[in-house]
Amino acid sequence: METLIDIKNLRVDFALRSGTVRAVRDVSLSINKGERLGIVGESGAGKSVLGFSIINLISKPGKITDGEIIFKGHDISKYSYDQMRKIRGNRISMIFQDPMMTLNPVLTIGTQMMETVLAHMDVSKKEAEKICLEKLTKVYIPSPEKRLSQYPHEFSGGMRQRIVIAISLLTSPNLIIADEPTTALDVTIQAEIMDLLLELCKTENMGLILITHDLAVVSEVTQRIAVLYAGKVVELGLSEQIINNPQHPYTQGLIQALPQMAGGKKRLNQIPGMMPSLLDMPKGCPFEPRCTICIERCKQEIPILKELESGTQVACFMRNGANKR
Amino acid sequence: MFAFAVKRILQAIMVMLIISCIGFAIKHNFGDPVRDLVGQRVTPTERAEIRERLGLNDPFMVQYARFLGDAVQGDLGQSYFFKKPASEVILKKAPATLELVLCSAFIITFLSVPLGIYAAIKPQKWFSRFIMGSSIIGVSMPVFLTAILLIYVFAVELHWLPSYGRGKTVCIFGWWDSGLLTLDGLKHLIMPSIALSSIMLPLFIRLIRSEMMEVLESEYVKYAWAKGLKPRRVWWVHAFKNTLLPVITVGGVQLGIMVAFTILTETVFQWQGMGSMFIESVERSDTSLMVAYLVFVGLIFVLVNTAVDIIYGLVNPTIRVAGRK
Amino acid sequence: MRTRWQRFKQSYMLYNFLRDPVAITSFIILAFLVFTSFAAPIIAPHDPYDSSTIDIMDAQMAPAWIDGGSSEFLLGTDAQGRDMLSTMLYGMRVSILIGVGAVCLQAFIGIIVGLLSGYVRRLDNILMRFADVQLSFSTYMVAIFIGAIVQTMFGVAGYDRVAVPLLIVIIGLAEWPQYARTVRASVLAERKKEYVEAARVIGLSRIRIMLRHILPNTLSPVLVISTVQVANAIMSEAALSFLGLGMPITKPSLGSLITAGFEYIFSGSWWITIFPGILLVSLILVINLLGDWVRDFLNPKLYKG
């Protein structure tokens, strides 16, 4: 398989007044062409920052301070603004969380679609319009010709997210980063949008990074899953493996917390405690304060990601033979 | 859109009714229409006769209705000092004030937009800091003081510009005395219009900057960056268009308020416009002229506000297309 | 138990304040200006209100460091022979008094109207329409109109005795809508919150909910606009005085001092206008800078439009 994007030891820091916050800690991930990867974690785990850092669009005062992002043989994390601009929305496009906020309220759908095409492709306006219509049809927007002159407020949330997906398809990118694309939508529409995304990735052979906190959703869409905790990948492996046989106590906790796992009990399962503040990280394993199986060593050292026999990689001293001395 | 416009116009008429009612109440209680007509040297019996003939002993509402009827036809009473219809006096003075306001509005628009936007997109640059620093000094300078300083520096010390009056004017359209067409008139216009714009310019810069910064933080602007658009397009099409909406509402009202500041500017520069006329009418206790000015200025405010609201509706697609929700 | 003072010393507000050199400088200057103006009767070298000490022969004397100046009058004298420095200190006191007084009145009217229209739906439309009309008219204009009417009504006789309270009322009446709209906006935002719902469920009376629960939560936007409003009120007073509708020259404010000096700049006596002008601008500037700091610190969602 050909590697599409290779993230090596990526580190993202936010220089705040109260101190430097490391939101992404030495994350290494790679995605093959046409592969779908899920990034899972609770709020504040650094999922979105990781997603945005790939196209170097972290909100201030965040900055990539170390690591590489190899895309098509080049380290795009070192790209100049103009070089990066030609990647954004062209080779790598993004889908944002809330479709109600993503589209500019004062510009027509047509304008917002056409500008993307014209920014990256050397085509006439006529041809650009043709591309827009074609992609709108692909996301099952009825009578697309009429839609181009309409404004975002004339569409429902689900329709808007379809349009955002259509925009991300415009330039036939190699990779789509979807940051919680269904969280802001009605439950009934969520499945529809996910199915659409899955179908398009398959037919267009696009890579997908799906950022979400919903393990159930990822397992249906992606082939592999990376579990993120406090800015670190704690478990990485095939989706089936992770869902059916989770290794890291945090992943186990996440799966136990799914509503269907509660069974007949009245209360849902939960992971006790809270994620540590990024300003005040424990010295050892970040999950240690909440962990039920931790040992003395967890308090002193940070476990690194090591591969198990099953192929799953996990960062935990208790699970991982290679971490044992 | 149509319903929206009608609603705004009805509101404007309501406001004009309130203003005219206040104006009439002032006139009713403090004015002396008999004196306005015939002067002081009339016997009491003659006065009573005139009062009766003019219908001044009728109930308040009857007199108000009569005042309103006259006002709609452009008759705002008789000026005691000028011995002429008040509306005629005002129309004679209006061009001077309007030209002054127009020039200042011109200065404000063409300076505040680029400066405000620059300060918003490059907040760290020293020039932005300079803009913001001088704008807060500008906000703290009373208009008349700016005017006095201008006169002191450019007229008294440097002798570059004339210190008062309108200079040579040309009569156009038969009644409009314009200072815009002669070099002398333009020279006289420079300092008053700078003084008048000095209070609004910093307000506008600060307004545009803060609105623009807020918009730049929004999701749709972030999305525009993620689409790989050129900075120019993101700033001017995505961000500025959304900045415009609040700037138009607040800004339009402020431009109306500028008429109030003409009173101060005109007094300093002895500019023969409506403002200095008003102050003179206060000194002469010329109630009719005062009330006429109140109604006339009220009309300008209401017209400007209504126009601004309707322009807002035209710019904002959520109103233009669907009507206000 | 920590005392209030200890709590204040450890508060984030003080910490933030001490880290901001502009805020500290502004505060020190403002404190200095307020102190000198209220201590004017003690520290001013002359008494400008006492006509027996004023000699017309001293009129239009230049500041001490210029030829023709005298060390007796540090900043020179005005057209009536009064010491500029003393007159300015007394004038600043009048300006500050009117500014603060007018803002208290505005806040009083505005908070009541804002609470009523935010909490009593039926009154909302009428009160806010009225505030809108007045606001669209610009506070300056309204102040000038009220001032003009008052002057035609009462004439000029005895005006200087009632001038200060009168100006407070005029400016207070002209600028209350700012407060009303701010308070109303935050009342509308607060009343949707759950704690208000909870208070209602407990069965507290409407007045109690309004005063004890909602009012305290509207105070931070009120504080933010208050600082700026004091600056505005001082400016309004100066403008009214400049137009001859404010403080008379016998008991001048900074605004009327500037006016009185205006005609003399043509004959070269610039100090009569420029010094009070600089003082007025510095006073308003430091208040505005402090206002900026307060706004950035509290950062409430202010009502726009």
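Modeller: Gladly! A crossing is right-handed if the near helix is turned clockwise from the far one by less than a right angle, and left-handed if anticlockwise. The model is predicted: local features need pLDDT of at least 70 and side-chain atom pairs pLDDT 80 or more, while totals for chains, interfaces and linings use all residues. Residues are numbered from 1 along each chain as its sequence is written, with chains lettered from A and ligands numbered from 1 in the order written.

Helix H6 (residues 126-139) of chain B crosses H13(C) in a right-handed way. Helices here are DSSP runs (H or I, at least four residues), numbered from the N terminus. The two axes, lines fitted to C-alpha atoms over the stretch in contact, come within 9 Å and cross at roughly 125° (on a scale from 0 to 180 degrees between N-to-C directions). H6(B) is therefore oblique to H13(C), as the angle is not under 35 degrees (roughly parallel), over 145 (roughly antiparallel) or 65 to 115 (roughly perpendicular).

B:Ile136, B:Ile137 and B:Val139 of H6(B) meet C:Leu285, C:Asn288, C:Leu289 and C:Asp292 of H13(C); contact asks for C-beta atoms, placed from the backbone, within 7 Å. These residues divide into five nonpolar, one polar and one charged. Asp, Glu, Lys and Arg count as charged, Ala, Val, Leu, Ile, Met, Phe, Trp, Tyr, Cys and Pro as nonpolar, and the others, Gly among them, as polar.

Stepping back, 35 residues of chain C touch 34 residues of chain B. Elements giving two or more residues to chain C's side include helix H11 (219-242) and helix H13 (271-298). That side has 25 nonpolar, eight polar and two charged residues.

Note on methods
Contact = placed C-beta atoms within 7 Å.
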